[in-house]
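Reader: I am new to this structure and would like to learn how to read it. Please take me through it one feature at a time.

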Amino acid sequence: MDRTARDTVRQALSGRTGSGLWRSLEDLADTAAFHDLLAAEFPACCRRWHLAG
């Protein structure tokens, strides 16, 4: 897994709880770093969802 993508996602969610965590996840969902993280963890699904390059 790409360390930069993982670190970016972790930093964006750091210290978030409750509704703040869910808002952060929503904001993060359309970022390149999150797509990279998903592609690394779930390559078959991402190809189906057209998230992987």
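Reader: What does the accessible surface of the chain come to, and what share of it belongs to carbon and sulfur atoms?

Author: The model is a predicted one. For its chain, the accessible surface is about 4100 Å². Carbon and sulfur atoms hold 52% of that area.

Reader: How many residues does the chain have, and what percentage count as buried?

Author: A residue is called buried when its relative accessible area is under 20%. The chain has 53 residues, and 21% of them count as buried.

Reader: Which residues make up the largest nonpolar core?

Author: A core of this kind joins buried residues through side-chain atoms within 4.5 Å. Here the largest one has seven members: Val9, Leu13, Leu28, Phe34, Leu37, Leu38 and Cys46. Two elements, α1 (3–13) and α3 (32–41), each supply two or more of these residues. The most comes from α3, which gives three residues.

Reader: Where is Leu13 placed, and what is it in contact with beyond its neighbours within four places in sequence?

Author: Contact is judged by heavy atoms within 4.5 Å. Leu13 lies in helix α1. Once the neighbours within four places in sequence are left aside, Leu13 is in contact with Leu21, Ser24, Leu25 and Leu28. A C-alpha distance can be read too: Leu13 and Arg23 are 10 residues apart along the chain, and their C-alpha atoms are separated by 9.7 Å.

Reader: At what angle do the axes of α1 and α2 cross, and is the crossing left-handed or right-handed?

Author: Helix α2 covers residues 18–28, and its axis comes within 9 Å of the axis of α1. The two axes cross at roughly 145°. The crossing of α1 past α2 is right-handed.

Reader: Which residues of α1 and α2 meet?

Author: From α1 come Val9, Ala12 and Leu13; from α2 come Leu21, Ser24, Leu25 and Leu28. Sorted by class, this contact has six nonpolar residues, one polar residue and no charged ones.

Reader: Why does Arg6 count as partly exposed?

Author: Arg6 has a relative accessible area of 22%, so it is partly exposed. Arg6 belongs to helix α1. Its C-alpha atom is separated by 7.9 Å from that of Phe34, although Arg6 and Phe34 are 28 residues apart along the chain.

Notes
Residues numbered from 1 in each chain as written. Predicted model: local features only at pLDDT ≥ 70, side-chain atom pairs only at ≥ 80, totals over all residues. Heavy atoms only, no water. Buried < 20%, exposed > 50% of the residue type's maximum accessible area, 1.4 Å probe, protein only. Areas by Shrake-Rupley, 256 points an atom, 1.4 Å probe, with all protein chains shown as cover. Axes fitted to C-alpha atoms, helices over the stretch in contact; angles between N-to-C directions. Left-handed = near helix turned anticlockwise from the far one by under 90°. Nonpolar A, V, L, I, M, F, W, Y, C, P; charged D, E, K, R; others polar.
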